[in-house]
Amino acid sequence: MSSPPISELTDRAREIFRLVVEGYLESGQPVGSKTLAHDSGINLSPASIRSVLADLESAGLLAAPHTSAGRMPTESGLRLFVDGMMRVAEPTPEERAAIEGRLSGNGPIEQALEQTSAILSDLSGAAGMVMVPTREARLAQFSLLNLGQGRALAVLVSEDGAVENRVVEIGRGITPSALEQASNYITARLAGRTMAEASRAISREIAAGQTQLDAASRELVERGLAIWSRDAAQRPVLIVRGQANLLDEAALHDIERVRSLIEDLESKQSVAELLETAREAEATRIFIGSENRLFALSGSSVIASPYRDREGRVVGVLGVIGPTRLNYARVIPMVDLTARSLGKLIG
């Protein structure tokens, strides 16, 4: 059943509908006519309120999960509320400081993505999700620093200033000159290239015997490139944090739904494909329950937003997933702010 547009509801029906939805989103429980009559300030008897609730239920906007248990919004009702009635609340100064403070400074991009997913989870009380950027950084410098005991620290610096490092097993007896030669060789061929592009070019030179590297330096070059290539191939498509938040008190009464949701989250590739549909969105996208096939059984909602680099190009998507009773008015602007903050950090 398609729900009526908000303009077709009477002022009385619109107000009661809003109060039911807001009450449900706050408590997770159906809202009854007595509660509305006593606590909402509506100058109507419980009987009159029940009549309006019945009309809203007939219109497909509300449902009664149990006899005399009050009403809760349907997925159609939630969509109508989110699109036409919701009063968005800007992040508080404390939330803004938490987001911007934890997404500042230099460091590996993986660290920023982990932080972002954790921030979204902590502030929303749901699970936070971040897609790994699909755009590879252009590289600027590569260094190998001797750590002793047959190990070296490989440091990779991208053009945007981001720094990544790995510990490389190099074997004992490698000379400082071999480390320096390998570092200079890779740096000279990295400039302006992605790691994949540089790896292909260097591999061709080595295979064709066109390098001036000695055997030790050549082995260091191949070892360093192999580690980063393997890391790139094994990077998760999606980082999810805060699944435990989904097991709240309300979830105990609907454990099958939560089990279904956690199983969905285990299929990260499927969730990533859902988030991909938000890449071209101009603003935050909201998927409610069965509007998306993936979460039809678990009845979950997803709030997702693309994040962009300094040139405005979309490099990934982040978001929050939780029960349909998410606090949309609070979480939507929070997701939007986090996307902008991560975009600034990535550059």
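Which helices and strands cover the buried residues of H4?

## The buried helix H4

Cover for the buried residues of H4 comes from elements including helix H1 (11-27), strand S2 (72-73), strand S8 (285-288) and helix H12 (328-346). This is a predicted model, where local features need pLDDT of at least 70 and side-chain atom pairs count only at pLDDT 80 or more, while totals for chains, interfaces and linings use all residues. Residues are numbered from 1 along each chain as its sequence is written, and side-chain values use heavy atoms, with hydrogens and water left out.

Helix H4 spans residues 75-84, and its Gly77, Leu78, Arg79, Leu80, Phe81 and Val82 are buried (under 20% relative accessible area, 1.4 Å probe, protein chains only). Helices (H or I, at least four residues) and strands (E, at least two) are DSSP runs, numbered from the N terminus.

## A three-stranded sheet

Next, look at the open sheet, ordered S4-S5-S6 with antiparallel pairing (pairing takes at least two DSSP bridges between strands). Strand S4 (139-148) and strand S6 (163-169) form the edges, each pairing on one side only. Strand S5 (residues 151-158) is joined to S6 by seven bridges, and Val155 has Asn165 in S6 as its bridge partner.

## H6 against H12

Helix H6 (residues 109-124) meets H12 through residues including Leu113 and Leu120, with Met334 and Leu342 among those on the H12 side (contact means heavy atoms within 4.5 Å). The residues of this contact divide into 11 nonpolar, three polar and one charged, where Ala, Val, Leu, Ile, Met, Phe, Trp, Tyr, Cys and Pro count as nonpolar, Asp, Glu, Lys and Arg as charged, and the others, Gly among them, as polar.

Conventions. Buried means under 20% relative accessible area, exposed over 50%, partly exposed in between (1.4 Å probe, protein chains only).
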